[in-house]
Amino acid sequence: MSTLSYLLSRLLQIIPTFLIVMVIIFLLVRALPGDPAIAMADAKATEEQLEQIRQRLGLDQPMWMQFGYFVKNVFTGNLGDSILLKAPVTQVIIERLPASGFLTLYAVLFSVIIAGPLAFVAALNRNNWIDVSVRSIFQIGLSTPVFYIGLLLLTFLAAKLRWFPVGGYGATFGEHMYHLLLPALTVALYTSAIIMRNLRSSVIEVIDAEYVQFARAKGLPEHVILGRHVLRNAMISTVTLLGLSIGNLMSGTLVTETIFAVPGVGRLMLDAIFARDYPLIQGLTLTFAVLVSIIFLLTDMIQAWLDPRLRVS
Amino acid sequence: MISKLRRLLPHSSQLLVLLRPGFLVGVAILFSSIILALFPSTFAPFDPNAFNYVDLKQPPSAEHWFGTDNLGRDTFSRVIWAYSVNIQMAFIATIFALTIGVTVGSLVGYYGGIADAIFGRCVDAIITFPFLVLVIAVVAVLGPGLTNMYIAITLVGWVYYARLMRAEIMGQLGNDYAAAGKVMGYSDARIIFRHLLPNAITPVIVYWMTDMALAILLGSSLGYLGLGAQPPQAEWGVLIAEGRNFITTAWWLSLMPGIAIVVTGLGFSLVGDGVADLMRPRG
Amino acid sequence: MTNNNKSALQVSGLSTSFDIGGKPLKAVDDVSFVVEQGEVLGIVGESGSGKSITLRSILGLARRYGTVSGSVKWQDQELVTMPEKELRKIRGKEIAMIFQEPMSSLNPLLTVGLQIGENLSAHTDLDKPARLARSIELLEKVGIPDAANRLDDFPHQFSGGMRQRVMIAIALASNPKLLLADEPTTALDVTIQKQILKLITDLSSELGMSVILVTHDLGVAAQTCNRLAVMYGGKLVETGDTKSVISNPQHRYTEGLLRSVPENVEPRTQLYSLPGTPPSLANLPIGCAFAPRCAHATSDCEAGKPALVGEAHKVACFNAATPVQARPGVAL
């Protein structure tokens, strides 16, 4: 099966889910008491502005046609105006996405760097004190709430010791790396605990596998066995887990953006919810749905790339 | 070769799992947490809400083990009293989700068909979103507060239990005894609840233990954000939020409740791991 | 002690034990045999008799899991105590091994070409084009059609029999002098079995390569091997020329195995099977491991284990079919 047809078939699978999400969002706004146009508008909106909104949403039309308008608006990027920020929702979201994206990627990078080597070390030293200490540290990490870690890092490394700035985003790439280091570390701590556990047990499972024994029987040097045979095979389930944990990552990002005042979509969502800014909530929800679906798709593709057995149609 | 050898292990070693230090520590933590949650007044030296305008923002001392806050309240007592709320959280936030999830999951897994197809799409739609975001959204609609928080978590969380239960039930259906039940003319309900469920429930129980630890994390996060328990109620997340403004000068206000969260969460997950090891088939 | 200059492999008193949950498990108990150059030796026994672990102990694959003692001499080098680094130079190069399940023994994520190639990289100085050529040559030698195009295929794209051939190709890559074959045909269809066995014996005579073939199927062993060694409960109970062992079995177990092979049996007669079940290696009796199932067991048999005695045809039994005169000083 060619890559293109695989991609298309996976995209087709996402569509029903996405449709349901759109329906739910659509109905939620309509379910709010009162005139949907008022809900979607600033409290101080003029009658003229309200009329514009009614037009855009097609409120005078039957429900199913309204949904049609809704879908059309979504696909043309017309998501209305944010009540809170008084700017088009689409624009606001696009402005804030880079910071969150940067933070997420940074956090994933840290997670892998922290969890990867330690998982190997723990697996190869199974059940001795090294293994137990590594697992204990990560177990504590799993029990620690993200906001707590963030708060502690912020207080001690930024506010008190002044090694890092107290939040924000910075202007250049270098500044981004600097400002987002603590936030990325905060999100990474939890994620790396999840990865470490999975990778460790994968490595343990793989290292006694028949094909590793066979590789040893071939007289291959140990670094080839570990690097080529063990790592690749152990990695697969962990990569999948990482992809599926994107929801978890996003939750962590949301909280972290709040604590470190990072101008990303996570914090935006929180602000929007508190302010009852429905156009923004709606837009952000759709954005999340799209992003997560893309990540799931990417995860599938990476899995297939890593494991040739999955490529059979 | 190795697995062949491991199958020769005697059965009694299964119970040895329970004697492992990790599990015992977890049980100890859980046990003491529950005691503290049930009898806070026995263990808290001070009234958690008593203002004391003399000893404001005192660091930890012999009299105030965890120091005092900006209103003179004893932090140690507040952390102890918070056990009631947070431990309660672990159970209430999970048990309803579990009940609903197990019921729906069993029915959907057993009957399959259209119900299953719809269920699948619903699950996909909900899981697409970060759990925290959904819960916050629901709480935003309902308004902040502990009860609304429980409703929100249950509303979102049942899906995970249902999905797990469905998978287990479908796995069990492949076993012969399920078909045997049908042949013998048992009612569907009887088959589901008396035969399939007891076998399928084990992974759900294991997940439940992990979920309780997660519930405490989630609940305290919401408390911190002002969406769960409300100040002046003593709840760990709330306490941390209250201490945030004084964190550089009175660090103990936020640090101590956080340690309580970590320790308690650890207790639940250690016990959960032990139970998981016990339930896991050998070999 | 017989010291045969021509013998390629000399195993003396090889014992391997594992510590499972505190209890020691003796999988291989004082096993001794010799493999001559170019000969095919068959080690026959039921599952759990310790035969696979014997092979792995020879190559040093068992010592990371358990304790291996005794002596394995390969061309005047002692393998049991050899450090891992040097042992790697012998593995895959002078002594090669193939496993039972080709689906789980080949790395599913790597191409067949790569898995052959890494053997060549580790043991030869061939450059990339030379390795490629040799890989194609090897696949052709084991009978895989369209070899050049199949180098980039993955293990799951081959059928069971083909996968086993690929394993053999990998094993042969660096021209080993001894091939250890651990039940290479057990997981295959009967018709494919014959093909693979023929391949192995053909390669053996063509390349002058010795083979130790481990199998539970006495019929298979009888057809392919020059000499047989029967294993039970971790010990060798009978060894000798195939003709001699098959026509004149000394040990009651070997007798039983032969009777179980359904050849020249009248239609609709009940097939014979040995009564009882093989012992668990963790719960071996003090005496002869076969005694509980043996119709000819005496009190001697429960008291202690008999030693392997005899000349060319050896047996370990207090009540062998044709009693062998044990001469003092003759151990092997």
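1. In helix H13 of chain A, the residues A:Val265, A:Gly266, A:Arg267, A:Leu268, A:Met269, A:Leu270, A:Ala272 and A:Ile273 are buried. A residue is called buried if 20 or more other C-beta atoms lie within 10 Å of its own, exposed if 12 or fewer, and partly exposed in between, with C-beta atoms placed from the backbone. The helix spans residues 265-275 and is mostly covered, as eight of its eleven residues are buried. The cover over these buried residues includes H5, helix H12 (246-260) and H14 of chain A, together with helix H7 (131-142) of chain B. Just after H13(A), A:Arg276 takes a positive phi of about 55°.

2. On the basis of the note: this is a predicted model, in which local features need pLDDT of at least 70 and side-chain atom pairs count only at pLDDT 80 or more, while totals for chains, interfaces and linings use all residues. Residues are numbered from 1 along each chain as its sequence is written, and chains are lettered from A and ligands numbered from 1 in the order in which they are written. Helices (H or I, at least four residues) and strands (E, at least two) are DSSP runs, numbered from the N terminus.

3. Chain A as a whole: it contains 14 helices and zero strands. Of its 313 residues, 41% are buried. The C-alpha atoms of chain A fill a box of roughly 80 × 55 × 35 Å along the principal axes. Among contacts between residues at least 6 apart in sequence, 68% join residues at least 24 apart; two residues are in contact if their C-beta atoms, placed from the backbone, lie within 7 Å.

4. Helix H5 (residues 89-124) and helix H14 (residues 278-306) of chain A meet at an angle of about 50°, with their axes 10 Å apart. Axes are lines fitted to C-alpha atoms, for helices over the stretch in contact, and angles run from 0 to 180 degrees between N-to-C directions. H5(A) and H14(A) are therefore oblique to each other; angles under 35 degrees count as roughly parallel, over 145 as roughly antiparallel, 65 to 115 as roughly perpendicular and the rest as oblique. The residues in contact are A:Val89, A:Thr90, A:Val92 and A:Ile93 from H5(A), and A:Pro279, A:Leu280, A:Gly283, A:Leu284 and A:Thr287 from H14(A). By class, this contact has six nonpolar, three polar and no charged residues. Here Ala, Val, Leu, Ile, Met, Phe, Trp, Tyr, Cys and Pro count as nonpolar, Asp, Glu, Lys and Arg as charged, and the others, Gly among them, as polar.

5. The contact between chains B and A takes 31 residues from chain B and 32 residues from chain A. On the side of chain B, the elements giving two or more residues are helix H6 (113-127), H7, helix H10 (188-225), helix H11 (236-244) and helix H12 (252-279). H12(B) supplies the largest share of that side, seven residues. The chain B side divides into 20 nonpolar, eight polar and three charged residues.

6. The contact of chain A with chain C takes 18 residues from chain A and 24 residues from chain C. Helix H10 (210-217) and helix H11 (222-244) of chain A are the elements that give two or more residues to the chain A side. The largest share of this side, six residues, comes from H10(A). Its residues divide into eight nonpolar, four polar and six charged.

7. Chain C holds an open sheet of eight strands, in the order E6-E7-E8-E3-E9-E10-E12-E11, with mixed pairing. Two strands pair if DSSP finds at least two bridges between them. Strand E6 (95-98) and strand E11 (309-310) are the edge strands, each pairing on one side only. E6(C) runs parallel to strand E7 (residues 178-182) of chain C, and four bridges join them. C:Met97 stands opposite C:Leu180 in E7(C).

8. An open sheet of four strands in chain C has the order E2-E1-E4-E5, with antiparallel pairing. Strand E2 (23-36) and strand E5 (77-78) stand at the edges with a single partner strand each, so one side of each is left without a neighbour in the sheet. Strand E4 (residues 67-74) and E5(C) pair in the antiparallel sense over two bridges. The bridge partner of C:Lys73 is C:Glu78 in E5(C).

9. C:Tyr65 lies in the loop between helix H1 (51-58) and E4 of chain C. With 18 other C-beta atoms within 10 Å, C:Tyr65 is partly exposed. The C-alpha atoms of C:Tyr65 and C:Thr16 are separated by 9.8 Å, although these residues are 49 residues apart along the chain.
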